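Hi everyone, thanks for coming.

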Amino acid sequence: IAKIVLLGGANLISKFIIENLIDELQITITPHLLGGDYCWVSPKLNDLNTIMNQNETWVLKESTKLGNNELLIRYYKKNEL
């Protein structure tokens, strides 16, 4: 298996981030705002900022307009480039 796509909820994605098992992030931004329990990571993950910014690990690779005012943003781990 070369790639696995995580489309689960915030708890699943948070566990993979904590274990350093994610090498690419694809985030879609839409004009619809969701908050509270509808976040892409668990609200229990208090140190997300520290995890995501260690040694400037994540690098913006691409941003693409998808239509309907949606934007796809792709980040790669610096050591995966």
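Helices (H or I, at least four residues) and strands (E, at least two) are DSSP runs, numbered from the N terminus.

A quick word on what you see: this is a predicted model, where local features need pLDDT of at least 70, side-chain atom pairs count only at pLDDT 80 or more, and totals for chains, interfaces and linings use all residues. Residues are numbered from 1 along each chain as its sequence is written, and side-chain values use heavy atoms, with hydrogens and water left out.

Now the sheet. Three strands form an open sheet in the order β1-β3-β2, and the pairing is antiparallel. At the edges sit β1 (24-29) and β2 (58-67), each pairing on one side only. β2 and strand β3 (residues 70-77) run antiparallel and are joined by eight bridges; within β3, Tyr75 is the bridge partner of Leu60.

Which residue lies over the face of Tyr76? That is Lys61, at 5.9 Å from the ring centre. The rule here is NZ of Lys or CZ of Arg within 6 Å of the ring centre and within 35 degrees of the ring normal.

Finally, two loops. Asn20, in the loop between α1 (10-18) and β1, has a positive phi of about 60° although it is not a glycine. Asn69, in the loop between β2 and β3, also has a positive phi, near 60°.

Key: Two strands pair if DSSP finds at least two bridges between them.
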